[in-house]
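Please look over the structure shown here with its helix packing and its nonpolar core in mind. The notes that follow are meant to be read alongside the coordinates.

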Amino acid sequence: MKILASSSDNRIDEIGVEFEKYHIQLSEQRYNQTSGLDYDKSVMEAASNSLVDLSTLFLTQYTEPRSFYLHCLAAISQARKLPITLELYEKRTKTLSSDTFKIHGKPVNWGSWRQFNAAEPEDNNRKQLFDEFIQKAPGIAPLITKRFNISRQVYQLYESSPLDAYLEREFLTYNKLKDFVNILGDGARKSFLVAADHFAPEILGKESFDYHDDFYLARGRIYSPLNKHFTKKNPQKSIEKVVSNLGFREELHKIKVDNEDREKKSPSAFCFGVQIPNDVRVVYKRVSPFSDFTSLYHEYGHGIHGASGKEDDPFWKRYIVPMSVAETFSIFLEMLLQQPLYLQNELGLNEDVVQEILDRRHFMNLYFLVFYAANALMKIEYWKKGYSYEEASKRFQELTKRYFWEVPGDYWLTHHITPNYDVYAPSYMLASVRVKEWMNQMIDEFGEEFWRGDAAKQVGAVIRDLATARGEFDLSVWDMDPQPYLKEQSELSFL
Ligand SMILES: [Zn+2]
């Protein structure tokens, strides 16, 4: 039967309206869960089941819009995985729980590992805990494998795979993404290793980094000397000023900020677009003065992106956004914190402090590149080559050795992104490179201090254009040349 274009459009919009209803129910519960409030598993299950029905209906009748089609595959796979996802959520903190070390009177577990690392002065204790968790990590591998197998099966039914869908959404081929990740990982390696040796005595109290000194340990310690310059500053006020200057005052009213300190609240900040564009929630708890700045700037980027959606746009356009696009707005605002003139003139910091910030931010960005290169490449090969978990661990270990230093392969099981998401890891790398290109354009066109005055209004208009595009963000217009981003991060005053 031939369906008239206009009537099928209407029908797709109607499915979208239903989709949105269950999406809201599900994200409210996920928001509660992540922010340490009571959440209702039965609501999550019921909403997920309704999304499966709607997705199946869509998939049997339509192939366009393509993003909606692929989103249906993701929705079915996510719903089928839900029971195991919830089981993993609980089992992870129980399995990865220390027999030896405590924090605030309780055994250190997966959730408090980073807090422990940031505070524990003894290298040997941190090493022991790392070894203990690596030894226990295979205990959660069956659940992680089960989840990925479900994804694989769901996509297979529709002759696709999680990786194919990801590549299509990101406008990439397998080889292009592989080369991109490699160039960044290999390109960052040399400067990273020099910088790591430079900072090791200060942040680790020893000559050099070892396998157990992971990215999050470094991140939890590297910014300590900067904190004294930020204790009296209010990150929320600063970022809201930027966002207002850029012309997003109205959007600001739609962003709810939750900064309460609840015990079960996730230690990393996040943003939920519960209803786009009218209910966007930024959630954080205070961790340390400088990192509160970077995380809030980041999450406000997600916030204005969500609040910029057009109310009248159909569901698929408002909600279904490629992952690297979602990270583009957040990383754009976060990158202000490594613009020397912003730090000097807006945050009132002197040149020496600015240099300290740049060196430390660049070092962490280099660590991010080498570490995420290993995660990203392992993960895309995982789908392409059909790895078992053991093969994945073996490959991850090889890749860490290639990009920085050899880390026990099972470490990836303890990460908060790589074992949780089908792909995701390359998205931050893609977004960072895009943001560098974008920021250079803004500086060329509107001057160095584009966050204030008339320039801010013009830059704000560009941001608004890209942000309101949501699911129709044009990925084809970006060069995606990794070099400018790599070059900037490799600038270190002590080299
Ligand atoms: Zn983000």
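The model is a predicted one, and the points below are grouped by topic.

**Helix α17 against helix α19**

- Helix α17, residues 351-385, packs with helix α19, residues 425-446, at an angle of about 130°, and their axes are 8 Å apart.
- The crossing in which α17 passes α19 is left-handed.
- On the α17 side the contact is made by L369, Y372, N375, A376 and K379, which meet A425, P426, Y428 and M429 in α19.
- The residues of this contact comprise 7 nonpolar, 1 polar and 1 charged.

**Helix α15 against helix α19**

- Helix α15, residues 323-334, has an axis that comes within 8 Å of that of α19 and crosses it at roughly 50°, and the two helices are therefore oblique to each other.
- The crossing of α15 and α19 is right-handed.
- Residues of α15, including M323, E327 and F332, meet a set in α19 that includes Y428, R434 and W438.
- This contact of α15 with α19 divides into 9 nonpolar, 4 polar and 2 charged residues.

**The nonpolar core**

- The largest nonpolar core has 138 residues, and Y367, L369, V370, Y372, A373 and M429 are those with the most contacts inside it.
- Helix α17 supplies the largest share of this core, with 19 residues.
- Leaving aside residues up to four places away in sequence, V370 touches G185, A188, R189, F192, Y403 and F404.

Technical notes. Residues numbered from 1 in each chain as written. Predicted model: local features only at pLDDT ≥ 70, side-chain atom pairs only at ≥ 80, totals over all residues. Axes fitted to C-alpha atoms, helices over the stretch in contact; angles between N-to-C directions. Helix = DSSP H or I, 4+ residues; strand = E, 2+ residues; numbered from the N terminus. Left-handed = near helix turned anticlockwise from the far one by under 90°. Contact = placed C-beta atoms within 7 Å. Nonpolar A, V, L, I, M, F, W, Y, C, P; charged D, E, K, R; others polar. Core = buried A, V, L, I, M, F, W, Y, C linked by C-beta atoms within 7 Å. Buried ≥ 20, exposed ≤ 12 C-beta atoms within 10 Å, placed from the backbone. Parallel < 35°, antiparallel > 145°, perpendicular 65-115°, else oblique.
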